[in-house]
Amino acid sequence: MEKTQPGVLILGGGVAGMAAAQTFAGLALDVHLVEKAPVLGGHTARWACMATDACKNCGACLSIEMADQVRRQENLAIHLGDTVTGVQKQDGVYEISLGNQESFNVKKIIMATGFNPFDPAGTPSFHTEIYDTVITTAQLNELLRQDQLSERLGHKKDPKIAFIQCVGSRNREQGRDYCSQVCCKISLRQAEKLAYLYPDADLSCFYMDLQIIGKEIRPLYQRLEKQIRLIQGVPAEILKDAETGMLSMVTEDRQTHTRTAGLFDLVVLSVGMQPANGNLTTAGLLNSLPNTWGFFNTGSAEIADDVIVAGCAKGPKDILASRQEGRVAAARVIRALNLIPAPEPADRVLVWGDGPQAVTTAETIASKGFSVFMTGAGQSLGPDSPVTALKEERILSVSGTLNQFSLLYDADGSKQTFDCAAIVAAPAPLQSLMDAKQVSRQVTGLEEFAHRVETDPDSYPNNTVIILDLFGHEKKQWARLALETAVKVRDLGKKVSVIMNKMLVHGAQGQQLYDTARGNGVDFFRFETAKDVDVRADADTFCVSIREATLPDICMDLTCDCLVMPPTVLPALSFEGIAGMLNQSLDSEGYLQSANTRHRLVQSPRRGLYFAGTGHDEVDAADLSAEIEEITALLRLQALDGKENNPGVEINQKACAQCLTCIRICPHSALVMNEKDRPQIVPDACFGCHLCVANCPALAIDSASLATDQVAKKATRGKTVILACERSATLAAGSVELPDHVDLIPISCACRISSDLILKVLINGASKVVISGCHLHNCQSGTGSHAAQEGIQKVSALPGLAPETVRWEPVAANETKKMEAIILKA
């Protein structure tokens, strides 16, 4: 009897659904993906690229690439423009009926039905049904993607544009007392994009509490605060000025304490997320029940056995978190169906770090069956820990890649080696109360304060002041700990005040916690700059003077018995050295892992190398748990693959000069020295970027499809040739009809570009050559745009070549309009 494969249903073809589908690739599994829209990608597929002179890490382009990949997946049946109309479960198997009368059986269901942007039409004071220049962030995305914004602005070169935050979020009256997590990041990126497109624009942002959270968001805010007006407080109504025809909003001028009307050409409502239409009906079919918001992100939601909810169907989140949840959901299915064998003892994993988060990471991975080792001599490990301490004094070097890493380290004066299949970098950042102690040496650290309230509440003083944001944007873990502890203090009948610049209300119930604190009598005071706060201390008490933001001319004095501040968190001094040994980049703030969205949240350009904890991103306990679960899933999948990856490149050992250029330049560390001391490509670690092919001085690295002569022969005499990255420009050009004078040749990556390739294409008869690849910092291999521009500069410097003969055009996969313009200009 033929053995049948188990089936899985994925409801939703957005980022989370596609990520789940990709995780199932290559497994003995029948996967069905049902999407009600006629195309894959969800809302993200309709979003604009936020790149300016470089990628801004919005991640919108990823959905286009993911859709292209899943369409070619062998074990996946995609049902577009269809919905599930019936679900019957019997003996652990679901019979699924679709609207088109098709039916099939599955054992597990992943619900990834996404979200809908909040419709502000239900908020009469914004008059969206009357004024076409009052739009939402979703509509602005569409205008930018279709290159229609200029028309909406009346072709003004210096438009006045305002953003209003928290429309449809953080609103108890509307039953949406939650933060949508993404709105502030979306608005800040859109504002930066507008400032780039319209250098003379006048931009304003009205907000309640800007949620400055996550990798690269603080630097983004720091850039923007010099370019736009950031105004705390949300206007109540949008009107139209009869004289100018512009939009008018009344706001309070903090300097003059008067109410003034500001005039704007465009007002953008930063709308929150709400459950997708039909979510409740779909949940009912699955014998599940969302919470009162319509999501599944709190304990009150009910989820049936064999159903997993992921992405924005579970709760509001950004693109990268949705992709992570899709992968994790698929991993849970894989584990439940026993599709992957348990890890072998030889599958050794090294966790680099020895702080509490590293211990949690190591012990959790060990509990899944892996042999786990830790650096730092295991100083934080308990006596019964399943993790083995690597008794090193310091790590000297790291070589190798996926399934064949080798560390050289110093142990008691002798050099030792350690081999492992994977590395999880989880070192702790620098955490110090030095800044707080400069305010007063009697300041109590927030963690100590929370611990004492928990363990010995009766001994704590009767009046406490907590100060946040004094030394920069507060970390979300401290904002949450401050709120939670303040509530506990009030429950004890003691007085507590919180002084802050803004309040972070991240997570499913962050806004509710903030509301609870206020309702329980915690006093909140807001300052605009650190200069508005002054602390004086004597032997027993503190006096905190504050110019409250809403009453700037009045200096308020708060006295307390206990002054509490969180520690300052900074990149550890060791991070630069760790990044160097791992052959990885730091982000712009000096933390581990670059901000490149192609590899985040936990992966890297070096296969088998992962990141976890606050050493690489701003994570709390829930985030760390999700990171560990994704890493564990990836570890199991990397150990599974019986099929050898074919990257399409191979070293001709007879021609190799052993100069080791390939090993030095490979952005993926996919080349190693073999037992004969010759360079060798590790197929499973290679991304096929062809940087080694383009840079080998001896021309000793062969390509199966992108050898210089092979590419050059595709050029047609007299035509413009576009060499297009297959992950960006090729996808952007997918629906564009090429004119007769243009040839588009897909290449694996802009890394393939070299001066000799460009010259060969020109010699073969091309009239012009356009290289089009990912924006700076968005290349999967990190160096594509640099490699392409370097090749162009070398060729352009040759005598007799017209300036426009060779040029570079960065483009993202979702920039079809820009690609059309590039082709028309060709």
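The following conversation goes through a predicted model and asks how some of its descriptions are reached.

Visitor: What makes Glu192 count as buried or exposed?

Guide: Glu192, which lies in helix α5, residues 183–197, has a relative accessibility of 7%, and because buried means under 20%, Glu192 counts as buried. Leaving aside its neighbours within four places in sequence, Glu192 is in contact with Thr52, Lys56, Leu220, Arg223 and Leu224.

Visitor: Why is Glu447 called partly exposed?

Guide: The relative accessible area of Glu447 is 41%, and since buried means under 20% and exposed means over 50%, with partly exposed in between, the value for Glu447 falls in the partly exposed class. Glu447 has its place in helix α11, residues 446–455, and, not counting residues up to four places away in sequence, Glu447 touches Gln431, Trp478, Leu481 and Pro567.

Visitor: And what makes Thr444 buried?

Guide: Thr444, in strand β27, residues 444–445, has a relative accessible area of 11%, which is under the 20% cut-off, and therefore Thr444 is buried. When its neighbours within four places in sequence are left aside, the contacts of Thr444 are Phe449, Tyr460, Cys562, Leu563, Val564 and Met565.

Visitor: How far apart in space are Thr444 and Leu433?

Guide: From C-alpha to C-alpha, Thr444 and Leu433 are 8.9 Å apart in space, while in sequence they are 11 residues apart.

Visitor: Why is helix α20 described as oblique to helix α21?

Guide: The axes of α20, residues 755–763, and α21, residues 784–796, come within 8 Å and cross at roughly 55°. Angles under 35 degrees count as roughly parallel and those from 65 to 115 as roughly perpendicular, so the angle found here makes α20 oblique to α21. The crossing of α20 past α21 is right-handed, and where the helices touch, Ser755, Ile758, Leu759 and Leu762 in α20 meet Gly791, Ile792, Lys794 and Val795 in α21. The residues of this contact divide into five nonpolar, two polar and one charged.

Visitor: What makes α1 oblique to α8?

Guide: Helix α1, residues 15–23, and helix α8, residues 319–336, pack at an angle of about 40°, with their axes 7 Å apart. Because roughly parallel is kept for angles under 35 degrees and roughly perpendicular begins at 65, α1 is oblique to α8. In this pair, too, the crossing is right-handed, and the residues of α1 that meet α8 are Val15, Ala16, Ala19, Ala20 and Thr23. Among their partners in α8 are Ile319, Ser322 and Arg323. The contact of α1 with α8 divides into seven nonpolar, three polar and two charged residues.

Visitor: How many disulfides are found in the whole structure?

Guide: A search of the whole structure finds zero.

Definitions and conventions:
Residues are numbered from 1 along each chain as its sequence is written. This is a predicted model: local features need pLDDT of at least 70, side-chain atom pairs count only at pLDDT 80 or more; totals for chains, interfaces and linings use all residues. Side-chain values use heavy atoms; hydrogens and water are left out. Helices (H or I, at least four residues) and strands (E, at least two) are DSSP runs, numbered from the N terminus. Buried means under 20% relative accessible area, exposed over 50%, partly exposed in between (1.4 Å probe, protein chains only). Contact means heavy atoms within 4.5 Å. Axes are lines fitted to C-alpha atoms, for helices over the stretch in contact, and angles run from 0 to 180 degrees between N-to-C directions. Angles under 35 degrees count as roughly parallel, over 145 as roughly antiparallel, 65 to 115 as roughly perpendicular and the rest as oblique. A crossing is left-handed if the near helix is turned anticlockwise from the far one by less than a right angle, and right-handed if clockwise. Ala, Val, Leu, Ile, Met, Phe, Trp, Tyr, Cys and Pro count as nonpolar, Asp, Glu, Lys and Arg as charged, and the others, Gly among them, as polar. A disulfide is a pair of cysteine sulfur atoms within 2.5 Å.
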